[in-house]
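Keep the sequence and the 3D view open while you read.

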Amino acid sequence: MIDRDPSSASGRDVSRGSSDESDVRALELDQLITDYFDAQREGRAPAVDDYVADHPEHEHALRAVLPGASLLDRIGQRAEDASPSVRSGDRLGEFKLLGVLGRGGMGIVY
Amino acid sequence: MTLPDEDPFSEAAEHGDPEAVAEILEEFRGRIGRMLAVRMDPRLRGRLDASDVIQDTFLEVHDRIGDWRARGDLPFFLWVRFLAGQKLTQMHRKHLGTEQRDARRELPDALRSAPGATTATLAGALVASGVTPSEQIMRLEDESRLVKVLDDLRELDREVLALRHFEGLSNQEVARLLDIEPSAASRRYVRALARLQEKLRFSQQRGEPDLGDLRPGDLGPGDREAGA
């Protein structure tokens, strides 16, 4: 990923129109969702309840997206396993191994 | 428009020799492979090797990198992804004679260069992932629910979700493809996720925890449905 730093996402000009606060909130929320799935892929995702408790200001929106997104993301990871390209390159092999370890709930055992 | 300075790949590709460019392309291989995996028509599996598409794309990158440097306004990864998407579209035409589906005409140009991530291509990718039969049974239910729900989403919602979750693009990259501000891209993404979960609720089974939905104001005061 090229941008994982919340400050870089919100640092860009978002001054258009009258909804600065809304822009910042949308970017924050996006970053929280992104961080959650980064953690999930590394096998250290907190329970949705715990994550929400840490970010009460976004509680409702997080509950509205995380469970469904979680299913989507797991299936996306499966599609990655289907990609023949991940066979080549030992470095990518390492990435793949890490990815698989990150999916304890999926039942894949390597 | 200048390249965002948080993109080290673009900077390295701008000044690098062919060897340096080749190294960057190796870094991209996994993500390009994912893009091909979720967009390749299942009828092409076994006839078309994604590795060959990637190889052809990388050769084209070396041939045409001067074009990319001359335009100077597109992150290097998105350009490489664009070329790979074009190659896949060409392969679809060559082997299947397919035209782009009508629905894709509603999408921004930058999203139409690659074939869509449809439920058919996604299902093909899942089958090709080669899980064991017992795992298959455990997952089948979730997957078939999700695939049905994805089918019901609007094309742009499905595309945004595919870009973020199947291809692993960042919000900045999606914003660039859609030619909108990152905050607007974030809103689209969150809304698409909320619509997905809302539809999942309808296919929900008893005993599962209740799924929440998005309320007015969750995306901040003064928020309005942008574009979509």
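Arg112(B) sits in helix H5 (residues 109-112) of chain B. Helices here (H or I, at least four residues) and strands (E, at least two) are DSSP runs, numbered from the N terminus. At 28% relative accessibility, Arg112(B) counts as partly exposed. As for the labels, buried means under 20% relative accessible area, exposed means over 50%, and partly exposed is in between (1.4 Å probe, protein chains only). Phe58(B) is 54 residues away from Arg112(B) along the chain, and their C-alpha atoms are separated by 20 Å.

A word on ground rules: this is a predicted model, where local features need pLDDT of at least 70 and side-chain atom pairs count only at pLDDT 80 or more, while totals for chains, interfaces and linings use all residues. Residues are numbered from 1 along each chain as its sequence is written, chains are lettered from A and ligands numbered from 1 in the order in which they are written, and side-chain values use heavy atoms, with hydrogens and water left out.

## The two chains

Chain B has ten helices and zero strands, and its pattern along the sequence is α-α-α-α-α-α-α-α-α-α. Buried residues make up 53% of the 228 residues in chain B.

## A helix in chain A

Helix H2 (residues 20-41) of chain A has 22 residues. From its first C-alpha to its last, H2(A) reaches 32 Å, close to the 32 Å expected at 1.5 Å a residue. The expected span is 1.5 Å times one less than the number of residues. After H2(A) comes Gly43(A), whose phi is positive, near 75 degrees.

## H3 and its partners in chain B

Look at helix H3 (residues 50-71) of chain B next to H4(B): their axes come within 9 Å and cross at roughly 130 degrees. Axes are lines fitted to C-alpha atoms, for helices over the stretch in contact, and angles run from 0 to 180 degrees between N-to-C directions. That angle makes H3(B) oblique to H4(B). Here's the scale: under 35 degrees is roughly parallel, over 145 roughly antiparallel, 65 to 115 roughly perpendicular, and the rest oblique. The residues that meet include Val53(B), Phe58(B) and Trp68(B) in H3(B) and Phe76(B), Trp79(B) and Lys87(B) in H4(B). By class, the contact of H3(B) with H4(B) has ten nonpolar, one polar and four charged residues. Ala, Val, Leu, Ile, Met, Phe, Trp, Tyr, Cys and Pro count as nonpolar, Asp, Glu, Lys and Arg as charged, and the others, Gly among them, as polar.

Now for helix H1 (residues 8-15) of chain B, which packs with H3(B) at an angle of about 115 degrees, their axes 10 Å apart. H1(B) and H3(B) are therefore roughly perpendicular to each other. Ser10(B), Ala13(B), Glu14(B) and His15(B) of H1(B) make the contact with Ile65(B), Trp68(B) and Arg69(B) of H3(B). Those residues divide into three nonpolar, two polar and two charged.

## H4 meets H9

The axes of helix H4 (residues 76-96) and helix H9 (residues 171-178), both of chain B, come within 11 Å and cross at roughly 60 degrees. That makes H4(B) oblique to H9(B). Which residues make the contact? Phe77(B), Leu78(B) and Arg81(B) come from H4(B), and Glu173(B), Arg176(B) and Leu177(B) from H9(B). By class, that is three nonpolar, no polar and three charged residues.

## Around H10

Asp179(B) lies in the loop between H9 and H10 of chain B. Its phi is near 55 degrees, a positive value in a residue other than glycine. Is Asp179(B) buried or exposed? At 67% relative accessibility, Asp179(B) counts as exposed.

Arg201(B) is in helix H10 (residues 182-202) of chain B. With a relative accessible area of 30%, Arg201(B) is partly exposed. Arg201(B) and Gly212(B) are eleven residues apart in sequence and 8.6 Å apart in space, C-alpha to C-alpha.

Methods:
Contact = heavy atoms within 4.5 Å.
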